[in-house]
Amino acid sequence: MGLLKYKVAIVTGGSRGIGEAIAKKFAANGADIAFTYLSSEEKAKAVEEELAAMGVRAKAYKSDAASMEDSEKLINDVMAEFGRIDICVNNAGISKDNLLLRMGEDQWSQVIQTNLNSVYNMTKQVIRPMMKARSGSIINMSSIIGIRGNAGQSSYAASKAGIIGFTKSIAAEVGSRNIRCNAIAPGFIETDMTQYLKEGEGAQGYLSRIPLGRFGSPEEVANVALFLASELSSYITGQVVCTCGGLNM
Ligand code: NAP
């Protein structure tokens, strides 16, 4: 299936977890892939090789999504290397959970900077080439926690709720230029980020609240990203697609 043939996609945080699954799903559908990582260089190189072996152009970039300077350089470098950018997946994210009374300012700022400012940085930079091309799909990784909230996750919830407001505003701003902007709100997906939840004592409690009765896989989120990136969703913008086994009901 070549739903993304001749397209170029940027995926932030593509070295592991959901971002890696999205990069591979897009490559399997014919897209050339530029993806970023922050610290796991070896893993990023391995993913780059796997993508190239799928017959597409692929390149890993060390780039901090929380930095506007890095984001500007990244978009310039990818435009120089690939010539166009059709799809941008703002996936990079972290969590630093703590109850509010124990949450230091640096913990709060790091999460907001990495999860929310990164979406502003990347979208601001990628919107220029997309406006010139009068075409594009931007996909922002929110979370069910940004909709429901969760004790001990106020910074993470605030960053992910912020992404939803940002997504809807940008969809309204650039819709007339044929650029779509949507968000995905995953529930509990099995990655490094949620390993502690799965292994912790509360795992059964989380599972009992999910109608489908299990955690999701990165590939199940990648399938939604593929839909939002492709022409299959050509009349969808400003939406939040919950991918959470029914946890949002
Ligand atoms: P993960 O396994 O921890 O992977 C995070 C990825 O983001 C890695 O590739 C990491 O790069 C990259 N990254 C982190 N900070 C970065 C920065 N400042 N600049 C560039 N890249 C950076 O996380 P995940 O579970 O796949 O989560 C991916 C996204 O989905 C996040 O936004 C997360 O909040 C969201 N999400 C996840 C779940 C879940 O259940 N897993 C649920 C809802 C939403 P390195 O490898 O170099 O560290």
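Helices (H or I, at least four residues) and strands (E, at least two) are DSSP runs, numbered from the N terminus. The model is predicted: local features need pLDDT of at least 70, side-chain atom pairs count only at pLDDT 80 or more, and totals for chains, interfaces and linings use all residues. Residues are numbered from 1 along each chain as its sequence is written, and side-chain values use heavy atoms, with hydrogens and water left out.

**View 1. Lining of the largest pocket.** A pocket is an open set of points on a 1 Å grid over the protein atoms alone, where a 1.4 Å probe fits, with protein on both sides within 12 Å along at least five of seven lines; lining residues have an atom within 4 Å of a point. The volume of the largest pocket is about 1000 Å³. Its lining comprises 44 residues, and Ala92, Gly93, Ile94, Ser95 and Met193 lie nearest the centre. At least two lining residues come from each of helix H1 (17-28), strand S2 (32-37), helix H4 (105-133), helix H6 (154-174) and helix H7 (195-199). H1 gives the most, with three residues. By class, the lining holds 18 nonpolar, 20 polar and six charged residues.

**View 2. The second largest pocket.** This pocket contains about 170 Å³ of space. Among its lining residues are Lys7, Asp86, Arg180 and Glu231. The lining divides into two nonpolar, five polar and four charged residues.

View 3. Leu232 occupies the loop between helix H9 (218-229) and strand S7 (240-243).

Terms used:
Points joined across faces, edges and corners; volume = space filled by probe spheres on them. Nonpolar A, V, L, I, M, F, W, Y, C, P; charged D, E, K, R; others polar.
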